[in-house]
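User: Could you walk me through some charge pairs and a helix here?

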Amino acid sequence: MSFLPSLESPQTIDVSLGPQHPSTHGVFRMNVTLDGETVTRLQPVFGYLHRNHEKIAEGNSWLAAMPYTDRLDYICPLTNNWAYALAVEKLAGIEVAERAEFIRVITAELTRLQNHVAFLGFVLGDMGAWGTALMYAFREREKILDLFESLTGARMMCNYMRFGGCRCDLPPGWLDTTRKLVDGFPKFLDEMEALLTGNEILLARLQGVAPMTADRAINGGMSGPVLRAAGVDYDIRKVDNYGIYNRFKFRVPRGTVGDCYDRFMIRVLEARESVGILKQAIAVIPEGPVVNPKAKQRGFRPPAGEAYGRIEGPKGELGFYLIADGSDKPYRFRIRPPSLINLTLLEELCVGTKIADVMVILGSIDIVLGEVDR
Amino acid sequence: MVTDFLKTCCADPMKLIGEWFVILPALVLLLAAAAAVVMRNLIHAALLLTLSFIALGIVFIALGAEFVGFVQLLVYVGAVAMVIVFSILLTKPDQLTKSRNLLSGFAPAAGVAVAFTALAALLGFIFSSPLAKKPMPAPASAPVAAIGEALMGDYVIALIVLGILLTAALVGAAVIAMEDKP
Amino acid sequence: MTLQILLAISAILFAFGLAAALSRSNAIMIVIGIELMLGAANLNFIAFWRFSENPSDLAGILFVIFSIGVAAAEAAVGLAIIILVHRRIRSVEVDDASNLKG
Amino acid sequence: MISSLESAPIDVLHWFLGLLGSFGVPAWILAIISALIIIGTIIGVFLSLFALTSVMERKILARVQNRYGPNRAGPFGLFQPIADGIKMITKEDLVPRTADWIVHFLAPVVMMVPALLVLAIIPYGRDMVPAELDAGILYFFAVGAGTEVAVFMAGWGSNNKYSVLGAMRAIAQMISYELPLVISAIVTAMISGSLSPSAIVSAQGGFAFGFVPQWFALTPWGFTAGLIFYICALAESNRSPFDLPEGESELVAGHLTEYSGFKYATFFMAEYVGMFAICGMFVTLFLGGWQAPLPFLDIIPSWCWFLGKVCFVAFTMIWVRATLPRLRIDHLLAFAWKFLLPMSFAAFLSAACWHYAGRGPLAWILSLAIVGIPYLLLGNAFTNRFSVSRRTYLFSE
């Protein structure tokens with residue numbers, strides 16, 4: 001019997017969770033040392049989905065990098081597009097068409113909705129709820145993906161944003177469908193909350209698990225809902241006021257404990273706020289061109305310089321750092337992926353918890369491997 | 001006619017297959033016990049011990065002591081064997097094969113010798129005793145109700161003492177095995 | 001079948017248990033040996049009850065029931081002690097637990 | 001007509017045996033044939049029930065989850081079990097090189113045997129008990145203990161870390177839940193004065209006020225004990241939310257990780273048959289066994305009632321599976337030892353009071369108090385321990 005002991009202590013065993021594991025959200029791997037059921041050491045291993053994304057972008061033209069950004073966080077392609085477009089616009093000083101700004105806000109908030117909704121389902125799946133919550137979440141997500149499809153032609157690989165605007169105008173009737181969906185969305189969120197947040201098992205599994213203090217979260221470079229769950233009031237939509245977010249009224253929810261339950265609830269509350277933004281944006285969206293006619297797309301050559309464009313993605317701060325040397329290709333193309341950086345505290349959060357909690361903690365951070373490994 | 005026969009068969013399985021109902025499980029019992037004793041692999045030893053417990057339970061049932069047989073299965077297979085297996089897993093699962101088989105020095109040989117002397121002596125007494133040559137009496141059975149009444153009647157003190165003992169053992173085992181918290 | 005056969009089976013079982021308890025060095029194997037010996041004793045009780053003149057006297061059966069209960073308690077406490085010893089000296093070999101030898 | 005339906009299975013058996021007897025077949029061969037027929041019938045019924053349930057479970061789960069479920073093989077996907085079976089049998093049987101192959105091989109067999117053996121003492125209908133045992137309930141739990149060994153063997157024999165973790169979980173869970181399970185079952189034995197399942201069923205016969213069935217589940221102590229039994233039955237048969245040994249999101253598949261092909265199918269089958277057996281026991285002990293719920297419904301044969309109730313209880317188990325997330329191991333053990341065990345003792349006491357207070361209105365009040373007060377106290381202590389609370393969140397504009 002070769003029940004392999006750990007190198008450090010004969011009492012513990014090393015388990016390789018992943019990359020072929022049902023709930024590591026893709027091909028993430030953790031080398032876990034277990035003492036009984038308790039985790040004493042955890043080493044994240046990534047790179048199984050590495051695609052050399054940054055170098056590929058540096059070998060292609062500025063515009064050709066846009067479709068690749070879809071593949072970063074493949075759950076929310078439109079916000080990735082926007083972050084890249086924002087960085088390029090900053091680099092080259094391009095104005096964005098008014099109507100396009102509204103379309104960007106609408107698509108970004110729809111993306112946030114479907115990301116958070118899918119998150120609720122994934123976390124429940126990690127807790128062993130056997131897909132029921134996931135299927136309900138995906139029912140709503142499908143509707144949003146249908147909207148994306150009718151707008152951009154693709155459900156997940158949208159490739160929709162352009163420098164200075166968007167690729168095409170909204171199809172006829174699209175806004176009405178969206179309005180209907182947005183109006184019905186709070187009802188779905190209520191239903192989800194009624195089903196989930198009062199469940200004793202869910203409360204016992206989430207509350208008090210892996211709490212994170214605000215200091216730790218800031219030092220660890222957290223961003224997005226994970227940071228706000230720890231009680232830090234930091235939302236790039238408020239801080240940077242990028243796009244036209246200063247025209248909309250919305251609140252930023254904050255947690256108090258920073259445990260898995262807060263991370264879970266913050267997403268529900270953020271989804272409610274997104275619904276509010278969507279309602280305002282749909283009501284006042286102006287007519288006009290969807291792309292700045294002065295902005296060049298093909299053969300685009302920005303002046304030499306560098307820029308960092310960032311947005312509040314559904315998972316956190318998504319930034320693109322670009323250096324241009326005056327040619328038709330980016331000289332340096334660097335991505336700040338929220339999923340990867342939110343993982344830095346994973347070991348600290350997991351040590352001392354049970355192995356079943358590791359999955360929930362990983363789920364509550366909400367990663368997508370396409371973005372972690374790039 | 002048929003149903004009457006069925007009833008007698010069900011009431012006393014010995015009638016159908018005779019002494020083999022006792023002998024076969026007894027053979028399994030001895031083989032499993034022997035294997036359990038000499039096994040190097042502790043888990044195999046524990047599993048064979050479980051098998052011998054099951055066989056012993058069947059011997060009890062075959063001898064007409066149904067209730068005791070079921071209690072044997074429930075307590076030994078369901079609890080004792082599992083606790084043994086669990087403690088094997090908790091204590092150095094990595095050293096299962098490295099475990100020395102026998103005590104060092106002369107002790108093991110002496111132990112085996114003592115065991116076989118005891119066996120020879122016992123067998124000698126058994127086969128020379130006139131009591132042991134008694135033939136099998138008519139089928140006996142111990143009705144559950146009678147056992148229950150005896151437990152709650154003549155033996156109630158013993159039952160209460162047993163209950164207290166088990167409670168004390170449970171609490172004691174939990175306290176002993178508990179992690180020393182600093 | 002005579003009483004002899006059952007008693008002989010029980011004696012052999014007892015000898016196996018005794019051999020394990022006396023010669024094996026692993027504490028858990030000793031517990032296994034003790035359990036086998038207890039089983040042999042129980043078999044004796046049942047055999048004598050089966051061959052008694054008066055099977056409605058249930059003393060044999062009841063004794064086995066109590067003995068099983070005591071054996072369960074013994075196993076629980078014994079294995080708890082083994083786990084404690086293991087935690088202290090990182091071994092379940094009885095040879096290693098010789099701190100009190102002086 | 002009605003009475004003939006009621007005892008139809010037994011009549012057919014007797015007619016067949018009589019026919020054989022008239023050909024001069026000796027009585028002992030008849031006894032063996034009769035036993036074989038009964039065994040064959042039970043196994044056949046339960047295996048077809050298993051096949052039906054495996055597809056119904058997937059359909060019900062699908063219904064709960066807003067999807068279709070199997071609908072390609074045969075009408076409404078009813079032939080899905082056959083397709084699954086063919087797939088399972090023809091799949092390659094993989095044994096890991098470092099596995100303890102004897103233990104690995106024996107585990108599914110050891111799993112299947114107790115699951116089938118326990119079916120012998122369940123009263124399927126009026127006078128339809130395959131083996132009438134004085135200590136039937138004891139037999140049920142004694143034989144059922146074999147499943148623990150099987151799960152452990154599967155986990156350890158695979159020589160896979162997930163499997164060993166699953167096996168350790170399984171043992172801890174099954175030992176812990178066995179206690180409240182047995183105690184809550186013993187409560188019914190205490191009230192009906194017998195360990196024999198058929199006696200317990202007949203103790204639940206008759207109707208109060210002419211229409212309220214006197215099932216044990218409809219008394220305060222019986223309701224408590226029944227609920228405890230149901231929860232422990234979920235845990236004993238490794239059903240969600242107590243499916244920690246398998247725990248697919250944590251331990252891949254726990255003790256089943258290294259099983260494939262027919263061995264896996266055997267495990268699967270044994271788990272379902274075990275689930276039916278424990279549902280049957282639940283129905284026997286608390287839901288009046290084969291008794292009809294209302295007097296005039298007696299015209300439906302008793303075995304139909306029994307099967308109906310078993311299917312209903314199995315349905316609720318599927319429903320629970322579709323609804324609840326999984327517990328964590330420490331919650332699971334704390335729940336068994338700190339809540340279920342004291343509650344089952346309370347049910348025990350309550351039943352005793354109910355009996356000695358004359359089973360009248362006073363008995364109702366007393367036994368209700370004896371189970372109600374511990375429930376409130378323990379429940380409070382338990383929820384406080386995990387500091388389960390609603391939270392308020394801050395918003396910044």
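This is a predicted model: local features need pLDDT of at least 70, side-chain atom pairs count only at pLDDT 80 or more; totals for chains, interfaces and linings use all residues.

User: Which residue forms a salt bridge with Arg332(A)?

Analyst: Residues are numbered from 1 along each chain as its sequence is written, chains are lettered from A in the order in which they are written, and side-chain values use heavy atoms, without hydrogens and water. A salt bridge is a side-chain nitrogen of Lys or Arg within 4 Å of a carboxyl oxygen of Asp or Glu. With the closest N and O atoms 3.7 Å apart, the partner of Arg332(A) is Glu54(A).

User: How many residues apart in sequence are the parts that this pair ties together?

Analyst: Helices (H or I, at least four residues) and strands (E, at least two) are DSSP runs, numbered from the N terminus. Arg332(A) lies in strand S9 and Glu54(A) in helix H1 of chain A, so the parts tied together are apart in sequence by 278 residues.

User: Is Glu54(A) buried or exposed?

Analyst: Buried means under 20% relative accessible area, exposed over 50%, and partly exposed in between (1.4 Å probe, protein chains only). Glu54(A) has 14% relative accessibility, so Glu54(A) counts as buried.

User: What relative accessible area does Arg326(D) have?

Analyst: Arg326(D) forms a salt bridge with Asp243(D), at 3.0 Å between the closest N and O atoms. Arg326(D) is buried, and its relative accessible area is 0%.

User: How many residues of H1(C) are buried?

Analyst: Chain C holds three helices and zero strands. H1(C) is largely enclosed by the rest of the structure, because the buried residues number 16 of the 21.
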